[in-house]
Amino acid sequence: MHQDSVDAIKGHPLYAELVAKRKRFAWTLTIVMLAIYYGFILVIAFAKQILAAPLAAGMTTTVGIPVGVLIILSAFVLTGIYVFRANGEFDRLTRAIKEDLQ
Amino acid sequence: MRKFSTLGLLAALVLPAYLLAGPAVSGAVEKQAINVTAIVMFVVFVLLTLGITYWASLRTRTASDFYTAGGGITGFQNGLAIAGDYMSAASFLGISGLVFASGYDGLIYSIGFLVGWPVIMFLIAEQIRNLGKFTFADVTSYRFGQTQIRTVAAISSLVVVAFYLIAQMVGAGKLIQLLFGLEYWMAVVIVGVLMMIYVIFGGMTATTWVQIIKAVLLLSGATFMAGAALYSFGFSPEEMFRQAVATSPKGASIMGPGTLVKDPINAISLGLALMFGTAGLPHILMRFFTVPSAKEARKSVFYATGFIGYFYILTFIIGFAAIVLLSQHPEFYKTDALVNGAVDKAKLVTGLNGGTNMVAIHLAHAVGGNLFLGFISAVAFATILAVVSGLTLAGASAISHDLYASVIAKGRVNETTELRVSKGATLVLGVVAIILGIAFESQNVAFMVGLAFAIAASANFPVLVASIFWSKMTTRGAMVGGFAGLISAVVLTVLSKAVWGDVLGHLGADGKPAGLIALDNPAIISIPVSFICIWLFSILDNSKRAQIDRGAYEAQKVRCETGIGAEVASGH
């Protein structure tokens, strides 16, 4: 890419908005996912009896089973949230920048 | 009414298994008798995929066609293909076997495999699409010295591909040995040869479609198997868990975290390797170049995460149901695991014919009879073929696009020659895969994949993330960091129990195989080593090259954020 067009895009007010919004959003979601997963790993490492406890008195199903399924669901839901905003708002901003430059 | 017909259908599929169980009980069954259904289904799959390969070969003229299917795959198709790459034989056979043997630990493992996907989505998926062309080294070398970065990327890619391939080949050999009664080495050779045909003639187009078809077949098959298994427990997971605890030699301990995770350090290390390893697997990263835009790249991650998550839940059900259901089938066990014709509880896991990697296959037989056994066996074989094809294509691309075209020929190479080199590389990789597959026959396949992930997480992921997000990174930092991650991951792996003890035969004080270090997975050391080296050697770098590297960051960032100037589908 030519330095001229790099400067043109960099100087565009919507570019700064796009970069800032996406950065904040992506890292927030990343931290949420990391917190969920490493929270789970730390529980396994330091207090695994929490996960091995029965869900209710007399049950064989343990707390760990729904927790595991919920973590799997959270991964799917978080990617869904990102796609929804990125394919909508972020792509609209990108399109607006491209159209202005033409 | 519908409920009754469903029950009737399930009963019809379940009954033959019980009828067949009678005569087969007598005598050891090391290899399965020839299963005509399985062979017919497998031959149908092979013919279908060879047909697709022929169709793809007519469309594979340019390098872009070969490496990335011309960029013409949709987000949904790519999501299925990525899920297909992930739902490998190691995942399907290895994790259902791990759940069967250790219960909840299998779920911990599969969660680790899954949670890398959101992180890939948030941090690198669209960036990779916007910056790269054929291989992930296009991204890491975007503003750096081509020769150095591509050399590191190619070497680490090849090491990752080698480990992953070994796991797949071992699974293939065992499966076909059991299914067809073939010798292990012959099975490995068949897989190797078919995979070379797909890749050499059909390139990424054939590899992607073989993967998509297999993903659909595997998801359908696993759905049916988990459904039929749950039906035996009145669709009550609680009932399934209750009976599994009563049947398993490990009792109630299978319902919580067990021995897979020994201590906090090993737990976190395994978690790091699984999570960030996904973001460094060359055959997965390559798939982001097969879609036309960042938008489609995002969609593919979303679909892939959904399919993979669903698949792991199925695998978990299959493993748990198998604890109960396989114990009722002495014909799946070696004779020395039987007491008065019934399965000895103590040998429920160790006495299984073909080992725990065959749990899903035996369960298919138990719930669906010979017809379904044939289907699942054929699908499992197809799975291996599809995954090894993707891996081999990624390995061949590292050799032809990174090593040959950029490092050796310095970019002065025409497409025809580069294509010829990738096909030659495929041939060589195929032969190496066959040899390694035979050499590593007795290793646990799920564990081998863990090693591949550790190397991907330590050598590829740090360089990728730093090159995208850190403006002060230089060529020297990237090269030293990449090699440091690779070398530390490999060395620590060699010193771990899995290689030092189990493979090289070193024994500890207790007479059991032991490693020189207590760390099973190197990621907790090797990932920071890589990042620290990237940082240190970049900030100390005052060379002329370093100024070029830093100066080029703005242009890279603009393209990365907006996709302006990104590679588009070409060659048509």
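Which residues of chain B form a nonpolar patch on the surface? In this predicted model, select Ile532(B), Trp535(B), Leu536(B), Phe537(B), Ile539(B) and Leu540(B), which together present about 550 Å² of accessible area. Ile539(B) belongs to helix H20 (residues 523–539) of chain B and, at 38% relative accessibility, is partly exposed.

Next, display H20(B) together with helix H12 (residues 264–278) of chain B; their axes come within 8 Å and cross at roughly 55°. The two helices are therefore oblique to each other. At their contact, Ala523(B), Ile524(B) and Ile527(B) of H20(B) meet H12(B) residues, including Ile265(B), Leu272(B) and Phe276(B). Then centre on Ser269(B), located in H12 of chain B. Ser269(B) is buried, its relative accessible area being 0%, and among the residues it touches are Leu519(B), Asn521(B) and Pro522(B).

Select Glu554(B) and Lys10(A), whose closest N and O atoms are 3.9 Å apart. Because Glu554(B) lies in helix H22 of chain B and Lys10(A) in helix H1 of chain A, this pair joins two chains.

A further salt bridge links Lys295(B) and Asp91(A) (3.9 Å, N to O). This pair also crosses between chains, from helix H14 of chain B to helix H4 of chain A. Lys295(B) is partly exposed at 30% relative accessible area, whereas Asp91(A) is buried at 14%.

Finally, select Arg242(B) and Glu239(B), which form a salt bridge at 2.8 Å, N to O. They are three residues apart in helix H11 of chain B, and so separated by about one helical turn.

Methods:
Residues numbered from 1 in each chain as written. Chains lettered and ligands numbered in written order. Predicted model: local features only at pLDDT ≥ 70, side-chain atom pairs only at ≥ 80, totals over all residues. Heavy atoms only, no water. Patch = residues over 30% accessible without salt bridge, like charges linked within 9 Å, V, L, I, M, F, W, Y side chains within 5 Å. Areas by Shrake-Rupley, 256 points an atom, 1.4 Å probe, with all protein chains shown as cover. Salt bridge = Lys/Arg side-chain N within 4 Å of Asp/Glu carboxyl O. Helix = DSSP H or I, 4+ residues; strand = E, 2+ residues; numbered from the N terminus. Buried < 20%, exposed > 50% of the residue type's maximum accessible area, 1.4 Å probe, protein only. Axes fitted to C-alpha atoms, helices over the stretch in contact; angles between N-to-C directions. Parallel < 35°, antiparallel > 145°, perpendicular 65-115°, else oblique. Contact = heavy atoms within 4.5 Å. Lists of a residue's contacts leave out its neighbours within four places in sequence.
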